[in-house]
Amino acid sequence: MMAHHRLASTPDTIRFGMFDAAFDPVLTVASGDSVTFECVSGGVEVMPPTGSPHAIPAALQAIHDSKPERIGPHILTGPVAIAGAEPGDTLEVRIEAIEPNNDWGYCAVRPLAGTIPEDFPERYVSHIAVDRARGVCKPEWGPELPLAPFFGTMGVAPPARYGRLSSREPREHGGNMDNKELVAGSTLYLPVWVPGANFSVGDGHGRQGDGEVCVNALEMGLTGTFTFILHKAADIGAFAWPRAETPTHYILMGFNEDLDLAMKQALRQTIDFIIARSSLTRVQAYQFCSLAVDFRVTQTVNGEKGVHALLKKGLLF
């Protein structure tokens, strides 16, 4: 029987800014089970000042008070192991629901970061009110904007040979992909690199534009429910990079510190995907990409930049 689990962000269930194949899981579930993650967001350096109308959530304050080891910028809840997962398998992550769990978020500019850091050398943090009932946010300095929540960081444990990694850079294990298409109703597919897969999630975004140019989206606490389906290697075919789908599109992704190379990777992933599912030759798939596939800049701020391809369902298969 499929089970549902709940996992809160606590000092014992989070890792601050890191992925590592050596981390023990905080929960083990079966394929077909679902897990609701109650995630928090933000280090002490971006919290509202004393006297602000925005209160720091108790769960987040408890994590700050515990002074956890920190490498990268994201508070990640997990990892959660899926029983029976082995390297070479594929983990299907169905994103069932995502809801804000806080009434504010932040967006920050910091020195030496972002797409044009030379133009913005000073720290500037905005604390942005969120109206969860109406599904909107409003910066003090700007217009009201609709929410479109998603998790910027979702990933399994990386290959063991990498050791401990910062959560900043997306890689073949997923991680900080910052892909705003991965809202509720979409599905993420991740290659499994270690026994159990060891999935972690965090970096809640209330909304974001493609590019995420100043480093941050609307960073905030989100609660997300995910269903995990394990595919053995023979069932789905092994692949080395994350991919996804929405109700309307297939999504292929590329990551590289050079945006041109990220584009080439996303394109090659798309060509491989097309020829695996159709009778097109490789050159025909290349032409089809030019005719019918949209390639977008996912983000330009995570060291490894991102490009994602959107292939509309029904055009080929």
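This report walks through the aromatic pairs and ring-facing charges of a predicted model.

## Ground rules

Residue numbers start from 1 along each chain as its sequence is written, and side-chain values use heavy atoms, with hydrogens and water left out. Because the model is predicted, local features need pLDDT of at least 70 and side-chain atom pairs count only at pLDDT 80 or more, while totals for chains, interfaces and linings use all residues.

## Aromatic pairs

Rings of Phe, Tyr and Trp (its six-membered ring) pair if their centres lie within 6.5 Å; planes under 30 degrees apart are stacked, over 60 edge-to-face, and the rest tilted. That rule gives nine aromatic pairs. One of them joins Phe37 and Phe199 edge-to-face, at 6.0 Å centre to centre with 65° between the planes. Phe37 sits in strand β5 (residues 34–38) and Phe199 in strand β16 (residues 199–205), so this pair ties together parts 162 residues apart in sequence. Strands here are DSSP runs (E, at least two residues), numbered from the N terminus.

Phe199 also pairs with Phe226, this time tilted: 5.7 Å centre to centre and 55° between the planes. Phe226 belongs to strand β17 (residues 222–231), so the pair with Phe199 in strand β16 links parts 27 residues apart in sequence.

## A buried cluster member list

Phe37, Phe151, Phe199, Phe226 and Phe228 form one aromatic cluster. Buried means under 20% relative accessible area (1.4 Å probe, protein chains only). Phe37 is buried at 0%, Phe199 is buried at 0%, and Phe226 is buried at 0% too.

## Charges over rings

A charge sits over a ring if NZ of Lys or CZ of Arg is within 6 Å of the ring centre and within 35 degrees of the ring normal. Arg15 lies over the face of Phe23, 3.8 Å from the ring centre. Lys313 lies over the face of Tyr250, at 5.2 Å.

Definitions and conventions:
Helices (H or I, at least four residues) and strands (E, at least two) are DSSP runs, numbered from the N terminus. Buried means under 20% relative accessible area, exposed over 50%, partly exposed in between (1.4 Å probe, protein chains only).
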